[in-house]
Amino acid sequence: DRKRRSPVRGAGVGRRSVCHAMSAAEALAPAKQAIKQQAFYMKKALDQRHLRTALHHAATMIGELRTSALGPKAYYEVYIDVTTELRHLEEFFEAEHERGRPMVELYELVQHAGNVLPRLYLLLAVGRVFLQSKEAAAKVVLEDLVEHCKGVQQPLRGLFLRNYLLQCTRERLPDTGSDYEGEGGTVSDAIKIVLANFGEMAKLWVRMQHQGPAANKEQREKERAELKVVVGGNLHRLASLEGVTLQVYTAEVVQPLLELIVSCKDGLAQEYLLECVCQVFPVAYHTATLPTLLRFLSWLSAAADESAILSLLISRLCALEPADGETEARDVFTPVADHVERRCASLRLLPSLALALALARLALEAYEAHTEYLERALSLASTRLESLGVVTEKRAVAVVQDLLSLPLKRKGGDVLYVLELTEWPRLVSRLPPHQQRPGGSR
């Protein structure tokens, strides 16, 4: 946010230059104390219904979030303290609404705060009640709030500001069956709003890697990893929308969502966010949109671990069940195996074997009657090992043994079953003689 001097004087704003020189631990204690002090004065003013004075102290309190001296964990503590105290202000706004005061009046009043970050937190606090009042269409207010939040582009501050936006609007989206549907908008509007917030948060998260000197890159990556849950919160909210049915997901969600993830061009972000997508949406949604998902996986950054995402996706597909009236599950094995075979040439040995193991599990758990699927998974591993001769690397040996023992365990140790598989003895031959018993000599 902009660095201009705040007209509101207080411990948080006036101490910023000193905080830069402090360690995070040294900066945290005085920040928490300043929040406690300003919150006391804010609540006292609210009790006396002196709103402008209360907003003055609230803005000073929020000013503690303008610091650059704290890492993500310490900043989160300050954020929690501030947003907890802001609940008192939100309750005051609710009481004012019940007394008949127009919320649009308060919505405009809080925009006079001097600094961008305090102003936006106050705007979100009153925006929560503005939505509740239904004085304006929910989609209009929500779009305005999302747009206003672009005023903070410092990554850490921006991420937590947008997390507060998600928190304030969580139950006030025009979802199907909600109180805000109809004149307030439709589930399509809710989807666009959550996706817009998600896209901006992803950009801020990626931008963190470019903040500061190159020598601190490892520390920045660690801090980014700590913040991934904040960004992923948007995906959980999107998946929880009642109106995001399979039809709506296919038509309105999957394509723009995957475009946002791939366009961030950052391996860490792409990997985590795609894993979130695999986890939060139902298996049936992935089955219906599998060609689209696999196509986008082909466009990931080289730094993203595509094999980890594929392994997770395959493990989710193992839970696939036949549709009503059908005797077996829809064939998702073939398109996934086709994709894995195309990608295996560019993958290291262990990820390739791990994917073969995942495909074998899918074949046995969802398509037990189709032994050709299991044969294909075993063949994938054998072919990948062909140029190496006998495998000696311990971790690779362990994966191959797991792969060989999987059908045995599934069939209760029936050796005749596995001996009828063409690819099983071929894969066994890739192990050293003393380790050719599945699970042996580890």
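A polar contact is a pair of N or O atoms within 3.5 Å. In this predicted model, the side chain of serine 405 has a polar atom 3.1 Å from the backbone oxygen of aspartate 402. The protein chain holds 23 helices and zero strands, and 54% of its 442 residues are buried.

**Overall chain**

- Taken along the principal axes, the C-alpha atoms of the protein chain fill a box of roughly 85 × 55 × 35 Å.
- Of the contacts between residues at least 6 apart in sequence, 74% join residues at least 24 apart.

**Serine 405**

- Serine 405 belongs to helix H21, which covers residues 394-410.
- The relative accessible area of serine 405 is 8%, so the residue counts as buried, the cut-off being under 20%.

**Helix H3 and methionine 42**

- Helix H3 has 24 residues, and its first and last C-alpha atoms lie 34 Å apart, close to the 34 Å expected at 1.5 Å a residue.
- The buried residues of H3 are Ala27, Leu28, Ala31, Ala34, Ile35, Gln38, Ala39, Met42, Ala45 and Leu46.
- An α-helix has 3.6 residues a turn, so residues three or four places apart point the same way.
- After H3 comes arginine 49, which has a positive phi, near 60°.
- Methionine 42 sits in H3, residues 24-47, and is buried because its relative accessibility is 0%.
- Beyond its neighbours within four places in sequence, methionine 42 is in contact with Ala54, His57, Ala58, Met61, Glu85 and His88.

**Helix H4**

- Helix H4 runs over residues 51-62; its 12 residues should span 16 Å at 1.5 Å a residue, and its end C-alpha atoms are 16 Å apart, so the two values agree.
- H4 is mostly covered, with nine of its 12 residues buried.
- Those buried residues are Leu51, Ala54, Leu55, His57, Ala58, Ala59, Thr60, Met61 and Ile62.
- Among them, Ala54, His57, Ala58 and Met61 are also contacts of methionine 42.

**Cavities**

- A search of the whole structure gives four cavities of 30 Å³ or more.
- The largest cavity contains about 70 Å³ of space.
- Its lining consists of Leu142, Val146, Leu165, Leu166, Thr169, Leu173, Ile193, Val194 and Asn197.
- Helix H8 (138-148), helix H9 (155-169) and helix H10 (187-207) are the elements that each give two or more residues to this lining.
- By class, seven of the lining residues are nonpolar and two are polar, with no charged residues.
- Rolling a probe the size of a water molecule over the atoms shows where empty space is left.

**Valine 194**

- Valine 194, a lining residue of the largest cavity, is located in helix H10.
- With a relative accessible area of 4%, valine 194 is buried.
- Leaving out neighbours within four places in sequence, the contacts of valine 194 are Leu173, Asn234, Arg237 and Leu238.
- One of these, Leu173, also lines the largest cavity.
- Valine 194 and serine 387 are 193 residues apart along the chain, and their C-alpha atoms are separated by 49 Å.

Notes. Residues numbered from 1 in each chain as written. Predicted model: local features only at pLDDT ≥ 70, side-chain atom pairs only at ≥ 80, totals over all residues. Heavy atoms only, no water. Helix = DSSP H or I, 4+ residues; strand = E, 2+ residues; numbered from the N terminus. Buried < 20%, exposed > 50% of the residue type's maximum accessible area, 1.4 Å probe, protein only. Polar contact = N/O pair within 3.5 Å; in protein donor to acceptor, adjacent residues only side chain to side chain. Contact = heavy atoms within 4.5 Å. 1 Å grid on protein atoms, 1.4 Å probe; cavity = no way out; pocket = protein on both sides within 12 Å on 5 of 7 lines; lining within 4 Å. Points joined across faces, edges and corners; volume = space filled by probe spheres on them. Nonpolar A, V, L, I, M, F, W, Y, C, P; charged D, E, K, R; others polar. Expected span 1.5 Å × (residues − 1).
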